Structures are given as C-alpha cells and as structure tokens.
Amino acid sequence: MRRWSLSGRLVAGIVVLLAVLSVAIGAVTVAASRAQQIGRLDAVLIAASERTTQAVNGEPTVGTGGIAAILPGQGAGAVGLITDGEHVSAGYIGVDSHPIGLSHDQVAVLLAVAADRVPRTVSLGDLGSYRVVATPITSTGFVVNGLSLAEADATTSSLLETIAEVTLGAIALAILLGSLVVRLALRPLNRVVDTATRVSELPLESGEVLLSERVPDADTTASTEVGRVGAALNRLLGKVEHSLAARHASEQKVRQFVADASHELRTPLASIRGYAELGLREAGDLPPDTARSLARIESESKRMTSLVEDMLLLARLDAGRDLRSETVALGALLVEAVSDAHVAGPDHQWDLELPPDDLEVPGDPDRLRQAIANLLSNARLHTPAGTTVTASLEATPTGTAILVADDGPGIDPNLLPNLFERFSRGDDSRSRVAGSTGLGLAIVAAIVEAHGGTVTATSEPDHTVFRIDLPVADAENGPAEKGPAEEGPAEKG
C-alpha cells in the first residue's frame with residue numbers, strides 16, 4: 001500500500017474496518033441465534049424425553065412398531081431408541097407419520113449416547129444432524145429421544161446469507177460514500193498541493209522573482225494537520241522569496257560591477273593598444289626584445305578588449321537592452337556568416353544547406369549574425385583541420401531552426417549540461433587551436449533567449465550539432481524583452 005495514494009489508503013482502511021466489524025457482528029449474531037435455537041430445541045427435547053419416560057413406564061417395548069409408543073406427540077423426523085440392555089428398538093417417524101427403522105450404524109450412534117439426560121449433537125448419516133438425549137428407565141435400559149437440526153441449520157444458513165448480503169452492500173456503500181467523504185476531507189490538502197505545484201513551475205533560475213503564491217488562509221488553521229502543513233509551506237515560501245530577493249540583489253550588484261568594470265576598462269585598453277601600435281611603427285629603431293614585447297602587449301590588449309566587449313555585451317543583454325527588432329532574413333545571414341568563417345578557417349570544409357525559400361524571423365540582425373558567427377567560430381576553434389562544418393536552416397512547426405553541425409571529435413558528455421554557462425570550456429574533449437574566453441556560447445544563449453528562442457547541443461564522436469530554435473508567432477512584437485524587474489545596470493558613456 002506504500003504506492004497507493006492517501007485517499008486510496010483511507011478508503012481501504014474504512015472498508016477493511018467495516019468488513020472486520022461486519023464479520024465480527026455477523027459471527028456473534030449467528031452464534032447467538034444458533035445458541036438460542038439449540039436452547040429451544042433442547043427444551044422441546046427434554047419435554048419429549050419426559051413424555052417418553054412416562055409412556056414406557058419402565059417397560060421397554062421392543063420392535064419397530066413400538067417406536068410410535070415411545071415418541072408420543074412427536075412429528076415427522078423425530079428419532080427414538082429404547083433398550084433393556086439386551087434388546088433394542090429404534091426408528092424415526094417418517095413424513096407420513098409411519099415409523100421407519102434405523103440402520104445398524106445409526107443405531108450404534110444412538111446406543112453410544114450417555115444416559116445422563118444431557119442433550120448433545122450427533123450425526124445420523126443420511127438423516128443429518130440430530131440433537132439427542134438419553135434417559136435411563138431401568139438399571140440397564142434407557143430410552144433415547146432425538147430431534148432434527150435441519151430447521152435450525154436452515155435458519156442459520158439463511159441468517160448467514162442475509163448477513164453476507166448486507167455486509168457486501170455496506171462495503172459497496174462504504175466505498176462510494178468513503179471516497180466522497182475522503183475527497184471532501186482532502187480538498188484542503190489538494191489546494192496545498194496545487195500551490196506547491198504552481199510554485200514548482202515558476203522560473204526561479206534567474207532574475208527578480210515575485211513569489212506571490214501562498215496557501216489560502218482557510219487552509220492554514222493550526223487546529224488541523226493539513227492546516228499546519230499549509231502554514232509551514234507558507235513560511236517556507238516566505239523564506240524562499242526572501243532568499244530569491246537577496247540573490248537577485250547580489251546578481252544585480254555583480255552585473256553592475258561587470259558593466260562598470262567592462263566600460264571603464266575600454267579606455268585604458270584602447271590607450272595601451274594605441275601606444276603599442278605607435279611603438280611598433282618605429283620597430284626598426286627598437287631592440288628586438290622591445291619590439292617583441294610591444295607586439296605581445298598589442299596582442300594581449302586586443303584579446304582583453306575582446307573579453308571586455310563580450311562581458312559588456314552580456315551585461316547589456318542581461319539588462320534587456322542593446323536589441324532592436326526588424327524582419328531578419330536568416331538565409332542571407334547564414335550565407336554571410338559561412339563566407340566569413342571560410343575566410344577565417346580555410347583548413348576546414350564549410351557546407352551550407354538552405355531551403356528553396358528564405359526564412360524570416362523578427363529580431364536584431366546584428367545580434368543574430370553574432371550568434372551564428374560564434375557557433376561557426378566555436379566549431380572552427382575546437383575541431384582539427386579538415387573537419388567538415390555544415391550550417392543549415394529549416395522551418396519548424398513553431399518557427400525556424402538554425403543548425404551548425406560538424407564531424408569533429410565530439411564534446412565530453414559531462415560538459416554538455418554546462419556548455420552554455422559563462423566561462424565554460426570544452427577544451428578537454430575537442431582540440432583547441434586558439435585562445436577562448438569561454439563566453440562565446442554564453443553570448444549565443446543570451447542572444448537567443450533575448451529573442452524568445454532556445455539553443456541546444458547534442459554530441460557524439462564524429463557528430464556534434466548546435467541548434468537554435470527561433471519563434472515566429474509573435475513577429476509583430478519583436479524580440480522578447482525583459483521587464484523592469486530584469487533591468488540591469490545602466491550603460492555609461
């Protein structure tokens with residue numbers, strides 16, 4: 001029953017309890033009724049024994065014809081036996097009131113009855129069960145009277161059938177009414193479950209969460225078990241809401257810091273890069289070590305500038321800004337992105353698969369181009385030379401899908417769940433020929449989510465696929481925008 005629902009267990013408990021009580025009451029009733037019938041039969045039997053004793057007056061009459069004499073006033077089925085110690089006369093009264101003899105085995109049973117005037121039950125074979133009593137009439141002789149238990153047995157059987165029918169009816173009614181009563185009694189618990197279910201379906205992963213769901217006050221009464229559960233859940237939800245608010249405030253501070261730091265770093269990085277380029281113009285007059293140092297300074301400043309720009313872009317996307325909305329022809333974007341990737345990675349094989357008609361979605365063309373370029377760059381940087389990268393576009397029932405597939409070595413399955421997180425790297429599973437900030441795929445995810453779409457990755461050896469699904473249902477509304485609760489730090493400039 002551990003797998004049963006609470007309502008099922010309650011109804012089963014009610015039914016089992018009712019069944020046990022019904023069986024107990026039925027057993028007591030049958031036993032009492034049986035005892036009462038046996039008592040009445042014994043009383044009649046004792047009276048018949050007294051009449052028989054008076055009728056024989058101490059003189060046993062042997063022979064079947066004498067049975068009627070020893071059973072005065074007895075009806076059909078009455079059994080009698082008389083013996084003087086040597087001779088035996090036994091029989092029973094038939095339905096036509098004529099005496100009928102007993103078999104040897106039946107006589108033997110009656111002779112074995114103790115002559116102590118105590119009624120007892122014996123079985124007379126085909127005649128059935130009898131209640132008999134033996135009464136002494138001489139020192140060696142005694143007379144036996146017996147009355148059939150057939151009527152008592154029939155009454156007991158009828159009573160058992162009645163009790164069984166009533167019990168089954170009561171159990172069926174208990175199942176119906178018990179289910180209704182339990183369902184009504186568990187309504188508050190179901191409302192608590194509904195509240196917990198609605199909370200579990202809320203997007204709690206990021207951003208400001210307004211956790212307004214609460215168990216109704218009517219279901220938080222401290223006097224009931226369900227009420228205490230409801231009150232405990234409300235307290236828990238209150239603490240969760242406070243924790244989520246604290247987390248959001250912390251995220252906002254981090255975003256503010258990242259945006260501020262990224263913005264402030266742009267100017268000194270530009271200066272460092274400018275001075276390095278200026279110094280390299282006079283590289284012929286500089287010592288070789290100094291020229292190499294300036295070249296390294298310029299290279300690293302470019303890499304840091306790229307990292308800062310990526311972080312600033314993520315901060316802007318987190319804040320729901322830096323996007324515009326217009327109709328974007330994805331086929332044209334894909335052609336441009338693959339052409340650029342071919343120039344950047346001539347040692348890779350670049351394929352393009354487009355439908356006959358171009359597909360359009362609402363969105364920011366620059367950001368969508370950047371998302372596609374990041375996926376192509378990811379395939380180029382993390383696969384060996386000679387890898388075939390295929391970019392394709394296809395229509396889906398809910399929008400449009402952009403796919404970037406390669407036949408490289410694949411991605412470690414342990415990295416797939418965190419692939420689109422910031423600063424996540426897949427260097428352990430795919431070859432690496434250039435530096436990476438770990439923000440490329442995070443930017444792809446942020447751009448796609450800002451457009452109301454999803455991005456996924458599947459990988460196995462020789463087949464890795466990145467898929468972007470973009471919706472088209474809300475084309476008039478443009479890319480998804482975050483509300484005021486999601487606004488991040490304002491850009492300086």
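Student: What share of the contacts in the protein chain with a separation of 6 or more comes from residues 24 or more positions apart?
Tutor: That share is 63%. Keep in mind that this is a predicted model.

Student: How many helices and strands does the protein chain have?
Tutor: There are ten helices and 13 strands. Of the 493 residues, 38% count as buried.

Student: Why is Thr396 called buried?
Tutor: Buried means under 20% relative accessible area. Thr396 has 17% relative accessibility, so the label buried applies. You will find Thr396 in strand β10 (residues 388-396). Leaving aside neighbours within four places in sequence, Thr396 is in contact with Ala401, Arg467 and Asp469.

Student: What makes Leu244 count as buried?
Tutor: The cut-off is again under 20%, and the relative accessible area of Leu244 is 11%, so Leu244 is buried. This residue belongs to helix α6 (residues 225-281).

Student: Which residues does Leu244 touch, not counting those up to four places away in sequence?
Tutor: Leu244 touches Leu204 and Val209. As for Glu205, 39 residues from Leu244 along the chain, the two C-alpha atoms are separated by 9.3 Å.

Student: Why is the pair of Phe420 and Phe466 called edge-to-face?
Tutor: Two values are needed here: a pair of aromatic rings is described by the distance of the centres and the angle of the planes. Rings pair if their centres lie within 6.5 Å, and Phe420 and Phe466 are 6.1 Å apart, centre to centre. Planes over 60 degrees apart count as edge-to-face; the angle in this pair is 85°, and the pair is edge-to-face. Both Phe420 and Phe466 are buried.

Student: What does the pair of Phe420 and Phe466 tie together?
Tutor: Phe420 sits in the loop between β11 (399-406) and α10, while Phe466 is in strand β13 (residues 463-471), so the pair links parts that are 46 residues apart in sequence.

Student: How do you know how helix α9 and helix α10 pack?
Tutor: Two packed helices are described by the angle between their axes and the distance between the axes. For α9 (residues 365-381) and α10 (residues 440-450), the angle is about 145° and the axes are 9 Å apart. Their crossing is left-handed. Among the residues making the contact are Leu368, Ala371 and Leu375 of α9, and Ile443, Val444 and Ile447 of α10. By class, the contact has seven nonpolar, four polar and one charged residues.

Terms used
Residues are numbered from 1 along each chain as its sequence is written. This is a predicted model: local features need pLDDT of at least 70, side-chain atom pairs count only at pLDDT 80 or more; totals for chains, interfaces and linings use all residues. Side-chain values use heavy atoms; hydrogens and water are left out. Axes are lines fitted to C-alpha atoms, for helices over the stretch in contact, and angles run from 0 to 180 degrees between N-to-C directions. Helices (H or I, at least four residues) and strands (E, at least two) are DSSP runs, numbered from the N terminus. A crossing is left-handed if the near helix is turned anticlockwise from the far one by less than a right angle, and right-handed if clockwise. Contact means heavy atoms within 4.5 Å. Ala, Val, Leu, Ile, Met, Phe, Trp, Tyr, Cys and Pro count as nonpolar, Asp, Glu, Lys and Arg as charged, and the others, Gly among them, as polar. Buried means under 20% relative accessible area, exposed over 50%, partly exposed in between (1.4 Å probe, protein chains only). Rings of Phe, Tyr and Trp (its six-membered ring) pair if their centres lie within 6.5 Å; planes under 30 degrees apart count as stacked, over 60 as edge-to-face and the rest as tilted.
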